[in-house]
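Visitor: Please take me through one part of this model in close detail. Pick a single residue, then show me what surrounds it.

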There are 2 protein chains.
Amino acid sequence: MLSRTHLAALAAVAIALTASAAISDPAPTTPISVLAAAPDSAWADIDPADLLVIDLARGGRVVIVLAGDFAPVHVGNIRKLARAHWYDGLVIERVQDNYVVQWGDPDGKRPLPPGVVSPAPPEYSRTAAGVLLAALPYPDSYADRVGASGAFPVAEAGDEAWLTHCYGMVGVGRDLNPDTGTGAELYAVIGQPPRGLDRNIAVVGRVLEGMELLAALPRGTGNLGFYANPAQRVPIRQARIASDLPLSDRPRFQVLKTGSDTFRGWVFAKANRQDSFFLRPAGALDVCNALPPVRAARRAEDSPEQHGS
Amino acid sequence: MLSRTHLAALAAVAIALTASAAISDPAPTTPISVLAAAPDSAWADIDPADLLVIDLARGGRVVIVLAGDFAPVHVGNIRKLARAHWYDGLVIERVQDNYVVQWGDPDGKRPLPPGVVSPAPPEYSRTAAGVLLAALPYPDSYADRVGASGAFPVAEAGDEAWLTHCYGMVGVGRDLNPDTGTGAELYAVIGQPPRGLDRNIAVVGRVLEGMELLAALPRGTGNLGFYANPAQRVPIRQARIASDLPLSDRPRFQVLKTGSDTFRGWVFAKANRQDSFFLRPAGALDVCNALPPVRAARRAEDSPEQHGS
């Protein structure tokens, strides 16, 4: 009895993220089924020049898609820092529960390589013109309109657009002076979306892979979640732009096109859950629960090399 | 230079959660300063009969305030289970990144003690009448009104009220059948608030202490984040209602009264940040960023016993 309850509870609490064929009779339209039925044409390759690949010294990889359309100078800096191998040997130095994981140069001793714009301009928002926003038809506490564009959650107010702080979004640590960030110090959100930071800091990307490597780190016991003991810091073996990695080691991702029928169907299915578990579909979806789906991709031409590596 | 930048970056990224006296000139009104100035009368003791205290076998304590006003039968069950020592020796069995940590009886073999209502009724929402909602003056994607009541985040639509799934909120795993949960299987939210679960599951509490012990656990690699290897499970030494613990071992908490001027001032300060770091105060606040502040409390009469233990 309890066993049955338990097994079902797995499906139950889990069902919001995962489809279960066993409980579909007849099969309802779900977020998962919408994605499964998507034509390949609904998926867009993410440019490997937009992927920052961080390999931890103890193993494990974090892949971040960069938002050059929203913070071009910061993203340019991050590419230059990666290409100069500047991040290599630096550390994750701060893990504050329900807030951020942060990495960089805790001793501040490593000189920036040539070409890095320091300080970078305050790219905290941009003009809405030119942003292809797939707007959600639901209100948001902080903005006139919210939705998705490319791989990112976006908010707009008037003619201003910005990336929102959602779980897994990546921003640039900065000084009190608004133009003192460079991209040398980065953080990822690991808790409640701190939307109050929106438009106050440069948001530069979104973690696509390895989020669990960041979010499951022990929380720092120092002030603001910094690791009190430097031995607790988590070393970064290397950080590279994916296009600079050998093909055999290069991650590939695709994002669901936010202009596609599939994306619209996915949003509708998420807002109006038909899975058996949901007795009361919410009839709504917030911006941080509508991050465009991303999938790992392999291209046919890579197969020989991938198998050979 | 970088060192200075870095040190300031700490303050910067951190400042959303922590006040920094060094950078206040003159001291602005901040969420922290509002709380620091609160009179004792603005704080209410949380009844120890409403606190579930979970001690992990390897050390560490998780304290959850129970929401008897929203899920009375489930909360009654949880009290009975704790008093029967039913949770003792059970385990945290599931950690799914950006979703939930779940604990209970993975083998489903432990019989429920007498008096536990199984299944419990579907306490997924209640009538709004009688809920003293401190409403936020900002829209929400999912509800007509949101705000706080007691120690909890609350949403309302029409004459219906429910607890919202925010980071750190605790719910009851259940079967597909809506009335098959009991309180034997519990989960805590460790990521993006899964608001789509609201009104579909009994929300029974909020973690007040020890959230970092749950959220930093290694993610399970099995289906739905279950630990594939039972050796990975995290044993629970004991779970008790705080009022059943000896005074010397009893946690005490106070919650800011949501009807107080201090709470209103705190919400305003959070929505309209005046800290030096914030160039663009959001002018808004969402329900999951407005969880009523809680503080550990010690009462004078406990001092002798606490010192003696």
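Guide:

Trp43(A) counts as buried because its relative accessibility is 7%; buried means under 20% relative accessible area, exposed over 50%, partly exposed in between, with a 1.4 Å probe and protein chains only. This is a predicted model, in which local features need pLDDT of at least 70, side-chain atom pairs count only at pLDDT 80 or more, and totals for chains, interfaces and linings use all residues. Residues are numbered from 1 along each chain as its sequence is written, chains are lettered from A and ligands numbered from 1 in the order written, and side-chain values use heavy atoms, leaving out hydrogens and water.

Trp43(A) sits in strand β1, residues 43-45 of chain A. Strands are DSSP runs of E, at least two residues, and helices are runs of H or I, at least four, numbered from the N terminus.

Now its neighbours. Contact means heavy atoms within 4.5 Å. Take Val294(A): 251 residues separate it from Trp43(A) in sequence, yet the two C-alpha atoms are 8.6 Å apart.

The whole chain gives the setting. Among contacts in chain A between residues at least 6 apart in sequence, 72% join residues at least 24 apart. Of its 309 residues, 60% count as buried. Chain A has six helices and 16 strands.
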